[in-house]
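I opened the notebook for another structure today. Here is what I looked up, in the order I went through it.

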Amino acid sequence: MEAGKHSGGSERLGRLRRTAAVYQERYGLLPGMDAIMGTEGAIATRRRRLERLQREAGEIQAAIAATEVELARLDEWVVFCLVESIERAQREHAEGWSPRPVLGFRIWRVADEALYGVRLPWTQPGMTATCLKGKGDTEIPHSDGRCGRLGCGVYVAKEIDPLLVGFGVAELGDVALGLVALRGKVVEHEHGYRGATAEVIAIAATRGARCRFTADPAEIARVFAEPASIKSGQPCPDRAQLLDDISSYIAEQARKAAQWTLETSSG
Amino acid sequence: MDIGNQQRVIIVEPEDIDITEEEAQLDEAPIFKTTALPGARPLSLHVPVEAGPTDPAGMALQLPG
């Protein structure tokens, strides 16, 4: 709209200038022409300024477009470099990925109020790890050594027997052995794993002269919420046989879980 | 017990999957992506696979259609 007004005004101005020139030829210098000539000079000055600004605006637009292209190319380069860097880190650290949980074994000491792990009591079958040394809430379990050689995370063992021997289960009293599924970030060690989140998917627990072996999620939850409920389980055999039965049951559950995931992976 | 020296990191998570909104509403069970054949349309099948103690609800598989 502004351009239209300007354009129309310019046309009229042009006509008036031509008419004024005719009248000056006809009658000599017109009245007020000195002031008009001064204003014409101001108009010429601003016209030149406008042309310069328009030229500079064009140059700026071109510079913006060129910079946008450069930015896009730099972004692509950084994407390429980041992908390379991440993939190289994954290769150098032999990072693995799995859609299926990592399975391992845990021991708890059983009391009426809770199942006690090495560091914390468990009152439910799931646990999400935090860094107890306060070394940060991200990338748990830490794998850069910031919280020690054996850092944070929910610990599980790869094998049952070293776990039973390592914790002296034969002399420990009431215990529970569980099959645990780790998800999220899992750090593999020589003899076990540290996981971000853990879920107990089978448990064999003793309390007094009774024991309960189960892979039912609701029953597992009850064992953790009410350990005293184990007392309503089946009668225990003698201690040596009991530990054998516990190990065999959990090992069988692990075999089934691994078999099932292998079956699904093959479709 | 000492679990020994750190060896590597494993990331456990279901792979992202491209499904339609309609399929997403139908499938509430976890779905893991399989490698689709070229040009094949992914198809979700509600077929329990060897439902056992650790698979009470069965799992929906995604197979090349």
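**Entry 1: ground rules.** I took helices (H or I, at least four residues) and strands (E, at least two) as DSSP runs, numbered from the N terminus. On that basis I found five helices and 10 strands in chain A. The model is predicted, so to speak of local features I need pLDDT of at least 70, and side-chain atom pairs count only at pLDDT 80 or more, while totals for chains, interfaces and linings use all residues. Residues are numbered from 1 along each chain as its sequence is written, chains are lettered from A and ligands numbered from 1 in the order in which they are written, and side-chain values use heavy atoms, with hydrogens and water left out.

**Entry 2: chain A as a whole.** I called a residue buried under 20% relative accessible area, exposed over 50% and partly exposed in between (1.4 Å probe, protein chains only). Of the 267 residues of chain A, 31% come out as buried. I then looked at contacts (heavy atoms within 4.5 Å). Taking those in chain A between residues at least 6 apart in sequence, 66% join residues at least 24 apart.

**Entry 3: the surface.** I used Shrake-Rupley areas with a 1.4 Å probe, where for residues only the protein chains shown count as cover. Chain A has an accessible surface of about 16300 Å², and 56% of that belongs to carbon and sulfur atoms. For patches I kept residues with over 30% relative accessible area and no salt bridge, joining like charges within 9 Å and nonpolar side chains (Val, Leu, Ile, Met, Phe, Trp, Tyr) within 5 Å. A:Trp77, A:Val78, A:Phe80, A:Leu82 and A:Ile86 make a nonpolar patch of about 530 Å². I placed A:Phe80 in helix α2 (residues 33-92) of chain A, and its relative accessible area is 46%, so it is partly exposed.

**Entry 4: salt bridges.** Side chains of opposite charge can pair when their charged atoms come close. My rule was a side-chain nitrogen of Lys or Arg within 4 Å of a carboxyl oxygen of Asp or Glu, and it gives 14 salt bridges over all chains.

Which residue forms a salt bridge with A:Lys185? I found A:Glu139, with the closest N and O atoms 2.7 Å apart. This pair links distant parts of the chain, 46 residues apart: A:Lys185 sits in strand β7 (residues 175-189), and A:Glu139 in the loop between β5 (126-128) and β6 (154-157) of chain A. A:Lys185 is buried at 8%, whereas A:Glu139 is exposed at 53%.

I also noted B:Asp2 with A:Arg149 (2.5 Å, N to O). That pair crosses between chains, from the segment before β1 (6-12) of chain B to the loop between β5 and β6 of chain A. Both are partly exposed, B:Asp2 at 39% and A:Arg149 at 44%.

**Entry 5: nonpolar cores.** I defined a core as buried Ala, Val, Leu, Ile, Met, Phe, Trp, Tyr and Cys residues joined through side-chain atoms within 4.5 Å. The largest one has 27 residues, and those with the most contacts inside it include A:Trp108, A:Leu115 and A:Phe224. Elements giving two or more residues to this core include β2 (102-110) and α4 (217-225) of chain A, along with β1 of chain B. Its largest share, five residues, comes from β8(A). Leaving out residues up to four places away in sequence, I saw that A:Leu115 touches, among others, A:Trp108, A:Ile203 and A:Phe224. Apart from this core lies another, of 21 residues, among them A:Ile107 and A:Leu242.
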